[in-house]
Protein chains: 2
Amino acid sequence: MEYPKINAARVWQRHMELAKIGATAGGGVHRLALTDLDIKAHVRLAEWAGAHGFPVELDDVGNMFIRRPGTDSTATPVASGSHTDTQPFGGRFDGALGVLVALEALETLEDQGISHRRSIDVAIWNNEEGARFMPGLSGSGVYTGALKLDETLAGTDADGVTMAECVKRLHAALPNVGWRELGEPYAGFVEAHIEQATLLEEAGNTIGVVTDIQGNRRFEVEVVGEAAHSGTTPRARRRDAFIAATDIAAALRHYFEANDPEDIARFTIGIFKVFPGAKAIVPGKVDFFIDFRHPSQAALIEHGDAIAGIAAAHRGNCEVSVKEVSQASPEPFSPAVIERVAASAKRHGFSSQRIISCAGHDARFLLRMCPTGMVFIPCKDGVSHNEKESADPDHVAAAAQVVTDVLLDLARQE
Amino acid sequence: MEYPKINAARVWQRHMELAKIGATAGGGVHRLALTDLDIKAHVRLAEWAGAHGFPVELDDVGNMFIRRPGTDSTATPVASGSHTDTQPFGGRFDGALGVLVALEALETLEDQGISHRRSIDVAIWNNEEGARFMPGLSGSGVYTGALKLDETLAGTDADGVTMAECVKRLHAALPNVGWRELGEPYAGFVEAHIEQATLLEEAGNTIGVVTDIQGNRRFEVEVVGEAAHSGTTPRARRRDAFIAATDIAAALRHYFEANDPEDIARFTIGIFKVFPGAKAIVPGKVDFFIDFRHPSQAALIEHGDAIAGIAAAHRGNCEVSVKEVSQASPEPFSPAVIERVAASAKRHGFSSQRIISCAGHDARFLLRMCPTGMVFIPCKDGVSHNEKESADPDHVAAAAQVVTDVLLDLARQE
């Protein structure tokens, strides 16, 4: 079987050009979902598609699709892609990589006149980051039926602008593209992304063959004591919610350290609010938020279930309540796609390793629809969601090559 | 020497009546400094004064003075008083007690035709609480020269209203009162106040003979780590400012517990802010605030000076800086006033004990000007700055009696 060589210079050049749309002084990209800048990025992609005559479609939630038609128009298509929106003052590769290597695959196949049975799409999923409209992953979530269209479009940004208005503006900016119904099925999906961690970099490998996306459980903890005068209230009479909450936080951390010698669990307290929050008042209440992630469902259950008991045991003379607010199981990717990613890396001599995705990606929703996999490449020092985000041109080219191979495998399938 | 009996029913009745101005549904008082309600309280006090022909004066910072003239108009006057402003949803006694027992002293002396050499003032110090305008104690602070008039009047509330505008409104509401120059000296000052703690209640004593006002040192602590993705960043690569800050807070608490077996020090962390404060981001920075108080200057120095070293020793892989933002030495009250308070309690058979003021009061600034002391009475369960604040009518009467005795002692002095 034939696997055409991608054009490494072109795919790198496209990254540098797309990064100019919303470029920051710090070398990053500030391109929130469905802003004028993000719409400009979509228009640019549609122009690149148009240069090859690839048809473009938009759907009702603002996802955009660029297609290279297959030889069998009745066969379910396959796809690759990611997103163009960034975090505030984010980087040049998170999202853009997955879109541009997929476009490179289509252009390579077109340039070399290689035909395939199934049509191949570049999917540009809307609002992956969730930085402007909550929640994130909303384009892929609505497309695959995991999220509701009406609720998603009704969502507003910090200025009260609805996503519906913004999607309408995206459509208006691309008047000549087709319309796609939500949920049109795919027969396979592969997404390339920077790792956003350092395993590949540390091992010196080029390709991460992503096997699973880890699960998470999230908890809100409320600790209630009694507010009191900091000058007059002796220690023995205090019910200090700050002390109880920090004792609970420390006990939880020590539990997770003791039960996770291999440093696989991700246990984070990122929100911790003290009330009333005054210089001369012993805190009467603390609210904090636990983000716990793990690739193993058994570990998520065992350690997540331990949280409430540890909190109760360390509450001192305060009250504590622990409420689970969300959970997502670990999701294994399709063995068929995983094997194709691994085979492609081997075929081209890219050093690779099996790896778990610790972050969420659009692929999390696509795997509900079709066989799905992911390809990771290193990012410098694991830094992401940051203007300093950086990737190596050779690694970008390797991602484009693997995605091209896998798309061709999937598109040729019976 | 003659000490007239005060009118216990009247002083209690006045408390209940003043508490109607700004009464809350929860049984407390919400009467922020220089609001319409606080101005109404001043007008009411002026009416009570007028019924006896006591002259009333206002000064440029909004302090009000009610005088019973002495027989020697050239002698430096003496005073007692406190404030009429309350905390938001505060109580009926904090401040009001000190004003109303002083007024009771003047009325008792007037009713019984008892003369005294020095004039005696009821002083109603403006904005003691600092709940509307920062800082608190501003009326007594400006009067005694500890704070600057211009800066204080330029201060604004949350709506941007300056204290200067409000003082003008107070003057306009009392067009017929005299004007007092700031800093007119006193020869003695005594202030009655609820204890705001439980030592008197626990001991079953009526009168607290206040010997000192404790000192304080305040510190801002900044802990800097590195923000990181909570899903992808392994423990070993994190520089979690929340972990470092909570470790520092715990180490400081344990130090103060170990070095303060008698529960005298007041060590409080009431403000603790986590940045960026997002569910899925390992905190990159924490700012917190330490309020440390102690009646002993030696202890303030020793333990306050230990804070930076403890913070540095527990900063883990983060950076920490500790900045002292204010300090006030413990202040002993005048032995002459202390002894007169103790003698009055003994004379009338009120059980008493020597006690330290752990909170700040206007008396802190008056002792810069003249021999000064304080009288405490119990408040139920030590609860203050709260609608539930409550005091016993017998204790209020005892405070009025002691203040009357001490004022008469001070006013008769050569």
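How many bridges pair strand 2 of chain B with strand 4 of chain B, and in which sense? Five bridges join strand 2 to strand 4 (residues 120-124) of chain B, in the antiparallel sense.

This is a predicted model, in which local features need pLDDT of at least 70, side-chain atom pairs count only at pLDDT 80 or more, and totals for chains, interfaces and linings use all residues. Residues are numbered from 1 along each chain as its sequence is written, chains are lettered from A and ligands numbered from 1 in the order in which they are written, and side-chain values use heavy atoms, with hydrogens and water left out.

**View 1. Strand 2 of chain B and its two pairing partners, strand 1 and strand 4.** Helices (H or I, at least four residues) and strands (E, at least two) are DSSP runs, numbered from the N terminus. Two strands pair if DSSP finds at least two bridges between them. Strand 2 of chain B covers residues 64-68, and five of its five residues are buried (under 20% relative accessible area, with exposed over 50% and partly exposed in between; 1.4 Å probe, protein chains only). B:M64, B:I66 and B:R68 point one way, while B:F65 and B:R67 point the other way. In a regular strand the side chains alternate between the two faces of the sheet. Strand 1 (residues 56-58) of chain B runs antiparallel to strand 2 of chain B, joined by three bridges; B:L58 has B:M64 as its bridge partner. These two strands form a hairpin with five residues between them, and B:G62 in the turn has a positive phi of about 95°. Towards strand 4 of chain B, B:R67 has B:D121 as its bridge partner.

**View 2. Packing of helix 1 (residues 8-18) against helix 12 (residues 393-412) in chain B.** The axes lie 9 Å apart and meet at an angle of about 110° (axes are lines fitted to C-alpha atoms, for helices over the stretch in contact, and angles run from 0 to 180 degrees between N-to-C directions). Helix 1 and helix 12 of chain B are therefore roughly perpendicular, a class that takes angles of 65 to 115 degrees. B:A8, B:V11, B:W12 and B:H15 in helix 1 meet B:P393, B:V396, B:A397 and B:A400 in helix 12; contact means heavy atoms within 4.5 Å. The residues of this contact divide into seven nonpolar, one polar and no charged (Ala, Val, Leu, Ile, Met, Phe, Trp, Tyr, Cys and Pro count as nonpolar, Asp, Glu, Lys and Arg as charged, and the others, Gly among them, as polar).

**View 3. An open four-stranded sheet in chain B, with the order 10-12-8-13.** The pairing is antiparallel. Strand 10 (266-275) and strand 13 (319-328) of chain B are the edge strands, each pairing on one side only. From one strand to the next, the twist averages 15°. Strand 8 (residues 215-224) and strand 12 (residues 285-294) of chain B pair over 10 bridges, and B:F219 has B:I290 as its bridge partner.

View 4. A:V43 counts as partly exposed because its relative accessibility is 22%. Leaving aside neighbours within four places in sequence, A:V43 is in contact with A:A173 and A:L174. A:V43 and A:D392 are 349 residues apart in sequence and 26 Å apart in space, C-alpha to C-alpha.

Notes
Angles under 35 degrees count as roughly parallel, over 145 as roughly antiparallel, 65 to 115 as roughly perpendicular and the rest as oblique.
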